Amino acid sequence: MQMTDSQRIEASREKVWEALNDADVLKASIPGCEELIKHSDTELEAKVKLKVGPVKATFGGKVTLNDLDPPNGYKIEGEGSGGVAGFARGGATVRLEEDGPDATILHYDVDAKVGGKLAQLGARLIDSTSKRLAGEFFAAFAQQVAPSPQTEAASSNEVDQTLGDASQDPSAGEEKKGWLGGLFGGKKKQQTDEDKLENAAE
């Protein structure tokens, strides 16, 4: 599977380059990423849970950064195994182009291969899923580097709403706590009754 595309990011090229080398930013951007450990400036270890068609699998593998050319770009390569689901390997060449002082166009060329049960799903499904995942990654990455005004406003409104609710009704938190306590307390009571029935049956 091969794919070429680009993403405009409202941030300087230096800021985008730093984010491309930040493990926390990459983890937040990779779809289904559960763990990303940075062993060195060029070697990382990832654990990713994915669903491709009817196949679900958790892939564990290594990610390597090659051909580093700061702040112009690099090549990212990865290989992972998903057990009986098969394996996946591939890479992406990333190139950063300045688009004014505060914007960057991120160009990427992706080349990926899969084997095992995944390969039996058909090239069309693999291609469409790979393109979707790549698109989600770079869109999420752009959002991490330069959050949109709408997102920042929404986050601010959520905080204001929470503070407003607490100030207007101090007992709101207690009511929620009591509701949750009743919910879990009910479950606990139900489990206790079931245990009594099991003991009686014995």
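How many of the 202 residues of the chain count as buried? The share is 29%, where buried means under 20% relative accessible area with a 1.4 Å probe, counting protein chains only.

Before we look further, note that this is a predicted model, in which local features need pLDDT of at least 70, side-chain atom pairs count only at pLDDT 80 or more, and totals for chains, interfaces and linings use all residues. Residues are numbered from 1 along each chain as its sequence is written, and side-chain values use heavy atoms, with hydrogens and water left out.

Let's start with the overall layout. Five helices and seven strands make up the chain's pattern, in the order β-α-α-β-β-β-β-β-β-α-α-α. Here helices (H or I, at least four residues) and strands (E, at least two) are DSSP runs, numbered from the N terminus.

V145 is buried, with a relative accessible area of 5%. From V145 to W17 the C-alpha to C-alpha distance is 9.9 Å, although 128 residues separate them in sequence.

Contact means heavy atoms within 4.5 Å. The table leaves out neighbours within four places in sequence.

| Residue | Residues in contact (heavy atoms within 4.5 Å) |
|---|---|
| V145 | I9, A11, K15, V16 and A19 |
| V16 | I9, A11, L96, T104, L106, F141 and V145 |

Methods. Buried < 20%, exposed > 50% of the residue type's maximum accessible area, 1.4 Å probe, protein only.
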